[in-house]
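I opened my notebook and started with the chain as a whole.

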Amino acid sequence: MSQEATKEFNIDTVDNAAGTPDVELPWAELGLKDNEFAEIVKILGRRPTAAELAMYSVMWSEHCSYKSTKNHLRQFGQKVTEEMKKDLMVGMGENAGVTDLGDGWAVTFKIESHNSPSFVEPYQGAATGIGGIVRDIISMGARPIAVMDPLRFGAIDHEDSQRVVHGVVSGIGGYGNSLGLPNIGGETVFDPIYQGNPLVNALAVGALRHEDLRLANASGVGNKVVLFGARTGGDGIGGASVLASESFDDTKPSKRPAVQVGDPFAEKVLIECCLELFKASLVEGIQDLGAAGISCATSELASNGEGGMQVELTNVLLRDSTLTPGEILMSESQERMMAVVTPENVEAFEAVMAKWNVEYSWLGEVTDTDRLIITWDGEVIVDVDPKTVAHDGPVYDRPYARPQWQDALQADTFKSSAAGANLPATGEELKAATLELIASPNLCDKSWITSQYDRYVGGNTALAAPDDAGVVRIDESTGLGVAIATDANGRYTYLDPYAGAQLALAESYRNVATSGAVPAAVSDCLNYGSPEDPDVMWQLAEGIRGLSDACMELGVPVTGGNVSLYNQTGDKAIHPTPVVATLGKLDDVARRTPSGWREEADGQAIYLIGTTADELDGSEFANLRGHLGGLPPKVDLAAEKELGEILINASRDGMIDAAHDLSEGGLVAALSEMVLRYGVGARVALDEIKQRDGLDSFTALFSESQARALVAVPRSEEVRFNDMTSARGVTVARLGIVDAQSGALEIQGEFTVSVDELREASEGTMKKYFG
Amino acid sequence: MSAELPLIGDYSTPSTEISGARIGVVTFPGTLDDRDAARAVRAAGAEAVSLWHADTDLQDVDAVVIPGGFSYGDYLRAGAISRFAPMMAKIADAANSDAKLPVLGICNGFQILTESHLLPGSMIKNDHLKFICRDQLLRVENNQTAWTNGFEAGQEITIVLKNQDGQYVADEKVLDELEAENRIAFSYVGWNPNGSRRSIAGVSNKAGNVVGLMPHPEHAIEAGFGPDHRGTDGLAFFTSVLTHLVGGKK
C-alpha cells in the first residue's frame, strides 16, 4: 500500500526554516493574527515551516482552540458537585463525554455545529455534520445508536430558504439514512435572523460496555500509527480555520472548496470496521479525523499520550496526488480514522481492514521523544512539541460589556407595544389565533422533514419526533435505554442571555422528564456571533455563566459540546442560540410516556401541572405579531426539578398515559399538539386556572410560563396522582378530559376547533413552502 | 429476546420442530437492517444465521432474508453491485433448485433480487424524489407464497416503508403477467407513496418461494418499537415461512 513515486516539491524542511528566517509566510491568509504568529516563532525558536504553519493555523483557529471561550467554558468543569460526577466516566475534553448507565452499560453523546458549511453548500455541509459527530462517538469505542438534528433557518418565505432547507434536510437524510442510525428528533425554527447564518447542529449518541471505552491517546513506544478509511483529498482545506472561524462577507471569493464532501457508504463500513477492531481489542488509542484533519489527529493523539510520535507523510494515501504536505495536513476529507496499534496486532488489524475492504496506511510510530516529528520522504518538515499545537494555543480574554441597547429592549414589553394592542378576546378571535399559531412556521407539523429520515432502523426506537424526547433502547434483555431532547430559544436568549441559556436547559430537561427518563447529562452547542464584538461576547459570557449555574442547580453535568462563533453576516449577529441537549436514563423504555393520548384513553383526566403568569414577551404569539422585546419567562429551576420528579415518578408508577411539556405557544399549543398526536380530541375548561392565577383567557392560553406540563391520568389513578402532587406541594389543575368521540378540541366557554381543522392548519405550512 | 411477544392472527406458539429452523440473514457492505431482520427471525421462533456476502457457504439454512439498507451505497444503481456477491450466486442457485429455498428480499434486498433476475421488474427513484419514511398500509394480494401464507387474502396490514428508490417499474407485458399469475404479493392501499406501477409494493416468483417488497416487515414485529409504536403486523412474514417449511419442503 505504498505511495507511488514521491512528488517533487520545494519542501520547506526544518533545516531550511532555520536557515531562512526572513521568508514571508502567508500566516494572515491562514487566519493567524500577528501576535499568534509571533508566539509560534517564539515556541519554535525559528520561523515555522510551511507544514508547521499549516498545523498551527488550523489548530489555533477559533473552531479548534476555543481561544475566545476557554476562560469562560472552565465554569462547566468548576460548577460540579461530587454527586454530579458520580456517573461521569469521561468528562469534557475527549471526543465525547461518557456516562455510566449501570449494568455495565455506558452511553456517550455529543452535539456539534456544522453551520457555515451548511450555508455555503447545504447538502454536503449537513451530511458531513452528521458524519463528523458519528465518528466522534465511534472514537469512544461506542456503537452509534441514534442521531438528532436541531435546525434553524431564515424566514420560511425567503427565496434562499428553499435552497437551504431542501439541501440541509436531504443531506441529513441522505447521509444519516445510509448509516443505519435512527433519527429520533431535533427541532426546526424559522427566523429571519438566521437568513445568512442557518444553524445546522447534529447530535449523535452511542452505547458501549464499560470495558470497550477507548480514548484518543498514543502511548506505548514502538506502537504503530495507522490512518484508515477514505483517502485524503483536497476537500475541506481550511474548513476550520477559514469557514468556521470567520463571518461571511460578500466581498470575498466563494468558500465552496472549503466544504467537505461526504461518502456515507464509506462511513457505514468504517463504523462496522471500527466496532470489529474494538471487539477484538486491536487498537490502543483512536481518533477520528474531523476539523484540521491529520494535524489535529496526530497532535492530539501525541499530546494526550505519554511520548511523542513520528510520522512519514508520504505514506498517506491520496485522492489527489498534487497535494502539498501542508494541504495533506490540513485536509478535512471525511470518513478517516487514525489509530495506534501494537506491533503484535498489526496482522489482525490488517485482516479486519481486508474483510471490510477498507484502505489503510501505516504512517509511523509512537516514540519517547516528546516531539511530534513529521517527515516528507525522510526530510523533517515538522518538529514540534505536540502540546503547543493541540492544547497550548492562544487564549483570549475578549472584552465584553452589556450592550447599550439591552435596557431599551427589555423595557419594550409586548403588551405595552403597538403589536400587543387588540389581543384576541372573543371565542372566535381565540380560535383564529390558535389556528394561526398551529400553522406558524415554528409550531407547524414538521413531518415534511422527519419523514425524510429513517426513525425505525435498529428496531429500538421507542419514541421519536414529534414526541418530546427521542427514546432508544440499549439493552434488549432489560429494556434499559436513554431519552434525549434538544432545545433552545434564540428570542429568549436575545432578551436575556443569562436566563435564555437556562431556559434552554430547563426545556430540554423538562422534555426528557416528560418522556419518563431521569436527566443525567448535558451536551451543548453554543451558537453565537463574533466574539470580537463586545456585545456578542457579553451574550456568550452570560450564556455560559447561566448554563453552568443551571446545570449545577439541576445536578446535571455538561459532558461535552461545541462552540460555534462568527455566526453573523456583516455586523448583524444571530440571536444567541445555546442549543442544549439533555440525556436521561430509562430503566425500561417500555415505560416511556408518549406526548399524546390514544382513543383508549377516552375519559382520562387532563391535568395541568404548574402555574401560569402573564409571560408573553418573546413568545411565539408575540413573534407572530412581529414583536420582540421585554423579558423572557421567569426561570424557576427548583420548580423544574419538582416537575421533573413528578413526571418521572408518575411514569414509573403507571399514573399517566400521556405527557407533554408546555413551551413555545403555551397551553393552547400543547393541548393542540396532544390532540394531533393521535387525532383524539379533548374537552377542557380554563375557569380554575384563570381564577387561581388571575389571568384572562388569552393569557391563560398563550403565555409561555415555564415549569409546566400537561398529563393524561387514567380515572383509576387520579387519587394517587393528586396525593403525590399535593404531598410535594405542587400546584395542579384538572382541566378536563380526553374525549374520543368529539373529534375536536373544546375549550369550554371559548371555542371548539375540530381535529381536522387543527390538522389542516398544522400540516399545510411545510407543504405550502417546500412541496 | 423477550418471550411475551404478541403473535398476531391465529398463529399458535411455534413448536419445537419449527423453532429448529435456521434462517440466514445476508450482510453486504452497507446493509443496515440485518440486525432487525435477525431479531424478527428470532421473534418468530427460528434461529438467525448470519451470512456474509463474500462467503459461499449457505450453512445449510432453511430460508434466507436479504435485508434492507444501502449496500455499496446504492452507488451505480441500488442492488447493482451486490447482485455479483458470491453469496448471491449460491442463493440464486438454491432458490431456483428443486429444493426451492425460500428467499425474502426487503427494500434493498428486493432491489438485489430484481437485479439478480430472481424477481421481475426494477426500482427507480420515488416519483416525489425524496426519501420517505412512514407507517404504510398494504393489502396482501397473494397469501399463497412461502412468506405470506399466514395472512388472509386481501388482509390489510401496516408496516414501515422507508426508501429513496422505491418506485416499482416493469413493462406492461410483465405487469399483466404478474397480475394474471397472481404474483403481486402486496399493494399499497390509499396513497401510492412512490409512484409504483399499479401500486405494487411486492411481488413473488412463479413458484412463490421468492418474495420481494419495498416496505419493512422486520420493523413491525415488537409492540412498542414498530409503526405508531405498537404495530406487529410484520411478524407473520417470518412465521409464514416456518409454516411453509413444516408444510412440506423442508
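Predicted model: local features only at pLDDT ≥ 70, side-chain atom pairs only at ≥ 80, totals over all residues.

**Entry 1: contacts and overall shape**

Then I looked at chain A. Of its contacts with a separation of 6 or more, 85% join residues 24 or more positions apart. I listed the helices and strands next. Chain A has 28 helices and 29 strands.

The C-alpha trace of chain A spans about 85 × 55 × 50 Å along its principal axes. For 771 residues, a compact globule would have a radius of gyration near 28 Å. Chain A has 27 Å, which agrees with that. I also looked up burial, and 62% of the 771 residues of chain A count as buried.

I turned to the UniProt record. Its unreviewed entry places the feature "binding site" at A:Glu112 and A:Asn562.

I took A:Glu112 first. It lies in strand E3 of chain A, residues 105-113. Is A:Glu112 buried or exposed? A residue needs 20 or more other C-beta atoms within 10 Å to be buried. A:Glu112 has 25 such neighbours, so it counts as buried. Beyond its neighbours within four places in sequence, A:Glu112 is in contact with several residues, including A:Gly129, A:Asn201, A:Cys525 and A:Asn562.

Then I took A:Asn562. It lies in strand E19 of chain A, residues 558-564. A:Asn562 is buried too, with 23 other C-beta atoms within 10 Å. With its neighbours within four places set aside, A:Asn562 is in contact with A:Ile111, A:Glu112, A:Ser113 and A:Cys525.

I found A:Asp136 in helix H8 of chain A, residues 122-139. A:Asp136 is buried, with 25 other C-beta atoms within 10 Å. I found A:Asp288 in strand E9 of chain A, residues 285-288. A:Asp288 counts as buried, with 26 C-beta neighbours inside 10 Å.

I compared their contacts, leaving out residues up to four places away. A:Asp136 is in contact with A:Asn95, A:Ala96, A:Lys110, A:Ala204 and A:Asp288. A:Asp288 touches A:Asn95 and A:Asp136, among others.

**Entry 2: a sheet that holds E19**

I went back to strand E19. It belongs to an open sheet of six strands in chain A, in the order E15-E16-E17-E22-E18-E19, with mixed pairing. Which strands stand at the edges? They are E15 (461-463) and E19. Each has a single partner strand, so one side of each is left without a neighbour in the sheet. The twist averages 20° from one strand to the next.

I looked at one pairing inside this sheet. Four bridges join E16 (residues 470-473) to E17 (residues 481-487) of chain A, and the two run antiparallel. A:Val471 stands opposite A:Ala483 in E17(A).

**Entry 3: strand E25 and its partners**

Next I followed strand E25 of chain A, residues 681-684. It pairs with E27 (residues 732-739) in the antiparallel sense over four bridges. There, A:Val684 has A:Gly736 as its bridge partner. E25(A) also runs parallel to E28 (residues 744-747), joined by three bridges. In E28(A), A:Leu745 is the bridge partner of A:Ala682.

**Entry 4: where the chains meet**

Last, I looked at chain B. The contact takes 25 residues from chain A and 25 residues from chain B. On the side of chain A, H9 (159-179), H11 (264-279) and E15 each supply at least two residues. H11(A) gives the largest share of that side, four residues.

I also checked the largest nonpolar core, which has 325 residues. A:Leu505, A:Val711 and B:Val41 have the most contacts inside it. Setting aside residues up to four places away, B:Val41 touches B:Ile23, B:Val65 and B:Phe238, among others.

Key:
Residues numbered from 1 in each chain as written. Chains lettered and ligands numbered in written order. UniProt positions renumbered as here; feature names shortened; annotations may be inferred. Buried ≥ 20, exposed ≤ 12 C-beta atoms within 10 Å, placed from the backbone. Contact = placed C-beta atoms within 7 Å. Pairing = 2+ DSSP bridges. Rg over C-alpha atoms; globule rule 2.2 N^0.38 Å. Core = buried A, V, L, I, M, F, W, Y, C linked by C-beta atoms within 7 Å. Axes fitted to C-alpha atoms, helices over the stretch in contact; angles between N-to-C directions.
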